[in-house]
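User: I'm new to reading protein models. Could you walk me through one, feature by feature?

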Amino acid sequence: MSLEPAADQRFFQSTTRDFLASTVPAGTVRALGASGTGFDRTWWRRGAELGWTAMLVPEEFGGGTISGRPMTELALVAGELGRACAPGPFVTTNAVLAGLTPDASRFAAALTAIAAGETIATWAVYEPGRGFDALSPGSGATDRAARTRAEPDGRGYRLNGAKDRVESADQADLFLVTAESADGPVQLLVPADTPGVSVTPAWTLDLVRRTARVTFEDVAVPADAVQVGADAADAIRAQARTAAALTAAEMVGATDTALAATSTWLFDRYTFGRQLASYQALKHRMADNKTWLEACRATATAAAAAWDDDPVSAEEAISIAKSYVGAKAPVIAQDCVQLHGGIGVTWEHDLHLYLRRITLGRALYGTPEEHRRHITDLLDTAAA
């Protein structure tokens with residue numbers, strides 16, 4: 001596995017980096033966070049034109065990849081978004097696309113609109129008070145009746161329940177809702193303006209990666225907008241793999257920026273007539289951080305490569321990446337704050353933007369603990 005992107009991938013990566021630098025510098029990110037909008041839809045469409053929403057979509061629906069390795073290319077974009085602490089529903093949108101693409105002919109209109117950036121789609125998966133159950137959809141939980149449920153009504157399904165931690169819910173046009181039914185797991189594609197759907201924005205640590213609670217009260221969903229049974233379980237797993245892999249890559253990008261800023265600070269800052277970087281204890285801390293960062297980068301890159309080789313068998317590699325990055329990236333970011341001293345804990349310094357992004361990334365789409373449990377489940381299954 002090569003850790004360096006190919007020439008065409010490097011061009012794609014640099015184009016994304018230049019676009020983000022010119023459109024969402026740190027000052028713009030702060031302004032978007034203060035405005036309550038999270039991201040600008042026109043800006044998102046421009047990102048879609050660069051290919052951010054195209055990699056998992058078949059060419060006949062407006063998609064396509066650069067090198068035939070879609071997750072590797074998406075991970076490059078995720079890394080740049082993390083590096084810029086940029087807004088936008090990148091992870092959740094591509095998770096939705098991963099679930100809908102196997103039924104591309106049925107969801108053609110939605111795929112085309114999402115790929116073009118005209119429609120904002122988000123994944124409503126978290127149940128209030130619960131963790132990331134999508135790692136094992138359809139597992140034998142005893143409290144299914146308390147979850148969001150969808151029941152047949154003769155013409156389709158009726159959806160009732162609530163979801164929280166739904167990314168970009170207040171700007172979404174479509175919700176892909178993961179729920180339970182009498183037939184097992186079910187997924188429903190629900191327009192945001194459907195009667196019975198209500199969205200309540202929630203406080204989120206990240207200034208621009210916003211979440212909300214979405215409530216569904218007797219929402220009618222036609223049968224052609226529903227995945228049921230094995231199809232739904234396979235789609236949920238694909239979405240979980242995609243979201244976890246991209247979140248890990250995004251966290252690596254954010255951590256890289258935080259550590260680079262800290263390295264610059266240590267060389268620029270003098271104390272007692274010496275650069276901070278000249279002190280042995282600080283050198284050791286930076287060496288540890290750099291080693292952990294490169295290990296994070298390697299595991300995240302390996303996860304994306306494994307997804308491209310075989311998405312189904314990549315579950316273990318992706319859980320390894322999300323658990324390792326989720327464990328190490330916050331430690332690195334917190335140490336960057338400490339190495340900056342008093343200025344590192346001020347609102348005016350940009351470092352807290354990256355700490356927020358990394359901390360939220362640790363929690364979303366499986367914590368390190370949840371992914372480690374999933375790895376043991378996979379090993380138990382393989383040994384059986």
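This is a predicted model: local features need pLDDT of at least 70, side-chain atom pairs count only at pLDDT 80 or more; totals for chains, interfaces and linings use all residues.

User: How many helices and strands does the protein have?

Analyst: There are eleven helices and ten strands. The radius of gyration is 21 Å, close to the 21 Å that the globule rule gives for 384 residues, so the protein is as compact as a globular protein of that length. Its C-alpha atoms fill a box of roughly 80 × 50 × 40 Å along the principal axes.

User: What share of the 384 residues is buried?

Analyst: A residue counts as buried when its relative accessible area is under 20%. Here, buried residues make up 55% of the 384.

User: And how do I read contacts along the chain?

Analyst: Look at how many positions separate the two partners. Taking contacts with a separation of 6 or more, 75% of them join residues 24 or more positions apart.

User: Now the single helix. Why is helix α6 described as largely enclosed?

Analyst: Check its residues one by one. Helix α6 covers residues 108–115, and six of its eight residues are buried, so the rest of the structure largely encloses it. The buried ones are A108, A110, L111, A113, I114 and A115.

User: What happens just after α6?

Analyst: There you'll find G117, with a positive phi of about 80°.

Methods
Residues are numbered from 1 along each chain as its sequence is written. Side-chain values use heavy atoms; hydrogens and water are left out. Buried means under 20% relative accessible area, exposed over 50%, partly exposed in between (1.4 Å probe, protein chains only). Helices (H or I, at least four residues) and strands (E, at least two) are DSSP runs, numbered from the N terminus. The radius of gyration is taken over C-alpha atoms; the globule rule is 2.2 Å times the number of residues to the power 0.38. Contact means heavy atoms within 4.5 Å.
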